[in-house]
Amino acid sequence: MDKFRMIFQFFQSNQESFMNGICGIMALASTQMYSAFDFNCPCLPHYNLAYGLGILLVPPFILFLLGFVLNNNISMLAEEWRRPQGQRSKDPAVLRYMFCSMAQRAMIAPAVWVSVTLLDGKCITCAFCTSVPVETLGNASHPRLSQGEVQRVLARIPCKEIYNGQQLIANEVAVRYLRCISQALGWCFVLLMTTLAFLVRSLRPCFSQAAFLKSRYWSHYIDIERKLFDETCAEHARSFAKVCIQQFFEGMSTDLVAARCHLPRKAPADAGEAAEKLLGITDQGTMNVALKSWHRCKPPLHLHPPALPTGNAWAGEGQPPTHPSVPRRETAAYYSWV
């Protein structure tokens, strides 16, 4: 249990580790789904190809979309891409890094599905059973079968229990031929994916390591900034609700005192602390203005001392940031006659 707890804590350490764990779980789930899937080839001409390629390609596409859905950064990427320019410029390199990072993780489960499917060979056997070279592997000079009948007989190769073309081509020969081709394609696909992953991991630092570090840093910054903003809004909402409820009960106590029912209770000590956390935003309209301002004109990524607020908008909007005055250095020169 301690090892599982350590692994779980590692997955929760940051967003990247969490998404790596989600992608690993999805990869394992894809193999379990394929193992539990009951593959039934229709064994009919013009249907085998659609069924086999559908099982090979449609589930990976669904897993790819599911990988994007489970990634929390997809909403952050869309928000950063669609937000107005405001006081903070949008860096296309950061957006590309976020999209490529999500796409790489979302491709893990589909790649595992395609690899397992090709190595198993059932989909290729079902899809291309009518393309078996009868001239090479069987008896192409069978006089009693037309071309359409030959296609119908070959379409029953994946269904061993109803196959009746042993005189044309042996079922075991055709299945082994197609399965060998499928396994060869599967191993080539695994080698291609492994080579691409190796090249991306090893050659990327050789060309654009500085740009990669910059994009990665600001991607993490956007994620952390969004989390802190959500936490701040939640804390403000809690303080706002606490003060609102406290004022409601104080009003009720005042009414009860006026009606001579009972004396009002003493206000709790944490009401003042909750009021301090409101930061001057004490009504719904002002809070809505603050939320819209955060979306439309995020503050620039430049730290400077806060300026005095002007009106409902926060100070410094549309003006250059103020910097602390640097003290003037005075130099004294002494002359002496020797």
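## Helices 5 and 6

At roughly what angle do the axes of helix 5 and helix 6 cross? In this predicted model, the axes of helix 5 (residues 92-106) and helix 6 (residues 108-120) cross at roughly 30 degrees and come within 4 Å. Angles under 35 degrees count as roughly parallel, and the two helices are therefore described as roughly parallel to each other.

The contact brings Gln104, Arg105 and Ala106 of helix 5 to Ile108, Ala109 and Pro110 of helix 6. By class, four of these residues are nonpolar, one is polar and one is charged.

## Helix 6 in detail

Helix 6 has 13 residues, which at 1.5 Å a residue should span 18 Å; the end C-alpha atoms are 18 Å apart, in agreement with that value. Among its buried residues are Trp113, Val114 and Leu118. Gly121 follows helix 6 and has a positive phi, near 90 degrees.

## Aromatic pairs

The count of aromatic pairs comes to ten. One of them joins Phe64 and Phe68 in an edge-to-face arrangement, with 4.9 Å from centre to centre and 75 degrees between the planes. These two residues are four apart in helix 3 (residues 48-70), and so are separated by about one helical turn. Phe64 is partly exposed, at 22% relative accessibility, whereas Phe68 is buried, at 12%.

The rings of Phe229 and Trp294 are stacked, because their planes lie at 10 degrees, with the centres 4.5 Å apart. This pair links distant parts of the chain: Phe229 belongs to helix 10 (residues 171-258) and Trp294 to helix 12 (residues 284-296), 65 residues apart. Ring pairs also link Phe37, Phe39 and Tyr51 into a cluster.

Notes
Residues are numbered from 1 along each chain as its sequence is written. This is a predicted model: local features need pLDDT of at least 70, side-chain atom pairs count only at pLDDT 80 or more; totals for chains, interfaces and linings use all residues. Side-chain values use heavy atoms; hydrogens and water are left out. Axes are lines fitted to C-alpha atoms, for helices over the stretch in contact, and angles run from 0 to 180 degrees between N-to-C directions. Angles under 35 degrees count as roughly parallel, over 145 as roughly antiparallel, 65 to 115 as roughly perpendicular and the rest as oblique. Contact means heavy atoms within 4.5 Å. Ala, Val, Leu, Ile, Met, Phe, Trp, Tyr, Cys and Pro count as nonpolar, Asp, Glu, Lys and Arg as charged, and the others, Gly among them, as polar. The expected span of a helix is 1.5 Å times one less than its number of residues. Buried means under 20% relative accessible area, exposed over 50%, partly exposed in between (1.4 Å probe, protein chains only). Rings of Phe, Tyr and Trp (its six-membered ring) pair if their centres lie within 6.5 Å; planes under 30 degrees apart count as stacked, over 60 as edge-to-face and the rest as tilted.
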